[in-house]
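Thanks for making the time this morning.

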Amino acid sequence: MEGLARKEGSQPRFTEESTSRFVDAGGVRVHVHDAGSGPVLLCIHGGAPGAYGWGNFGANVPGLAEHFRVLVVDLPGYGRSDVPDIRGGRYGFHAQVFADLLAALGIESAHVLGMATGGAVAMMLAIEHPGLVDDLVLVSSAGGLPLFTPMPSEGQKLIQSYYGGEGPSPARMRAYLEMMMYDTTSITDELVEERYAASIRPELTAAAPEGRPEPSSPKTEQVWRELDRIKARTLVVWGRDNRVQGYDNALFLLNRIPDVQVHLYGRTGLWVPFERVREFNTLLVGFLGGASAR
């Protein structure tokens with residue numbers, strides 16, 4: 001995925017392989033990209049077929065690593081992380097794994113960025129382990145409730161059908177990416193192949209919880225019921241043209257999280273960090289920098 005990191009326009013200082021490491025997090029082997037220095041920024045990716053840490057945030061790492069120690073994780077069951085048996089709710093399980101990850105690295109607290117499924121995990125981390133989360137950034141996050149978008153959404157239907165019928169294919173992956181992003185000119189053959197290859201790794205396919213008509217067990221928790229328990233200062237970021245999680249979800253989060261602000265981009269889909277690399281990085285650095293200046 002080094003091609004994504006080059007989207008910022010210069011040769012990256014940090015690459016997918018040079019930042020790669022593994023950490024034992026409470027018995028779960030988690031794959032992590034570790035880049036930069038300074039305040040810790042933990043980045044948790046989304047859960048759609050073919051998703052993994054560097055795939056979601058690789059384009060952002062070079063810029064963000066100038067300001068933070070950036071930890072981009074692969075969710076358990078995705079990328080190169082273990083595929084564990086999940087006990088209890090899925091979001092809470094992942095949150096505990098990342099709490100154990102921070103402890104294993106000797107990190108007392110971190111800023112936490114979560115996108116899509118990773119946003120729900122990030123919120124659960126802030127709810128169940130409030131002392132670990134300095135500030136929270138939620139991008140196209142799951143875990144809320146739509147106010148007017150029909151459910152399941154157009155994008156959710158496409159995701160749920162990915163492993164059905166004749167099974168995954170590059171054409172299905174391209175269709176998903178074209179639905180997910182507003183500007184489809186960013187979708188290269190390389191990107192399609194990378195996401196497709198990640199979606200069919202044999203050890204992951206059977207366990208992948210998203211991409212089927214009925215999500216694999218265990219079930220996900222109703223995080224929206226507990227949003228008022230989030231103490232961390234929170235930035236919610238959304239694309240107006242998100243066809244998976246409509247921006248009405250952002251308005252719901254605005255209404256329920258106590259210390260929150262929302263930033264909406266027009267002509268932008270679900271994958272805000274990739275679709276608006278420089279603008280997103282600037283927004284994120286400004287928000288988190290404001291926290292340190294208080």
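What we have here is a predicted model, and its chain contains twelve helices and eight strands. The radius of gyration is 17 Å, close to the 19 Å that the globule rule gives for 294 residues, so the chain is as compact as a globular protein of that length. If we take the principal axes, the C-alpha atoms fill a box of roughly 55 × 40 × 40 Å. Of the contacts between residues at least 6 apart in sequence, 74% join residues at least 24 apart.

Now to the interior, where 57% of the 294 residues count as buried. Which residues have the most contacts inside the largest nonpolar core? They are L113, V137 and V237, in a core of 49 residues, and helix α12, covering residues 277-292, gives the most to this core, with seven residues. Apart from this core lies another, of 48 residues, which includes F98, V112, L132 and V133. Coming back to L113, and leaving aside its neighbours within four places in sequence, we find this residue in contact with L41, L42, C43, I44, F57, V137, V139, F280 and L284. As general background, nonpolar side chains in soluble globular proteins tend to be buried together.

In the loop between β6 and α6, the latter being residues 154-160, sits P152, and the peptide bond leading from M151 to P152 is cis, with omega near -5°. The loop between β6 and α6 also holds S140, a residue other than glycine whose phi is positive, near 50°. For R267, which is found in the loop between β8 and α11 (272-275), phi is likewise positive and near 50°. Are these two residues buried or exposed? S140 is buried, with a relative accessible area of 0%, whereas R267 counts as exposed, at 61% relative accessibility.

Note on methods: Residues are numbered from 1 along each chain as its sequence is written. This is a predicted model: local features need pLDDT of at least 70, side-chain atom pairs count only at pLDDT 80 or more; totals for chains, interfaces and linings use all residues. Side-chain values use heavy atoms; hydrogens and water are left out. Helices (H or I, at least four residues) and strands (E, at least two) are DSSP runs, numbered from the N terminus. The radius of gyration is taken over C-alpha atoms; the globule rule is 2.2 Å times the number of residues to the power 0.38. Buried means under 20% relative accessible area, exposed over 50%, partly exposed in between (1.4 Å probe, protein chains only). Contact means heavy atoms within 4.5 Å. A nonpolar core is a set of buried Ala, Val, Leu, Ile, Met, Phe, Trp, Tyr and Cys residues joined through side-chain atoms within 4.5 Å.
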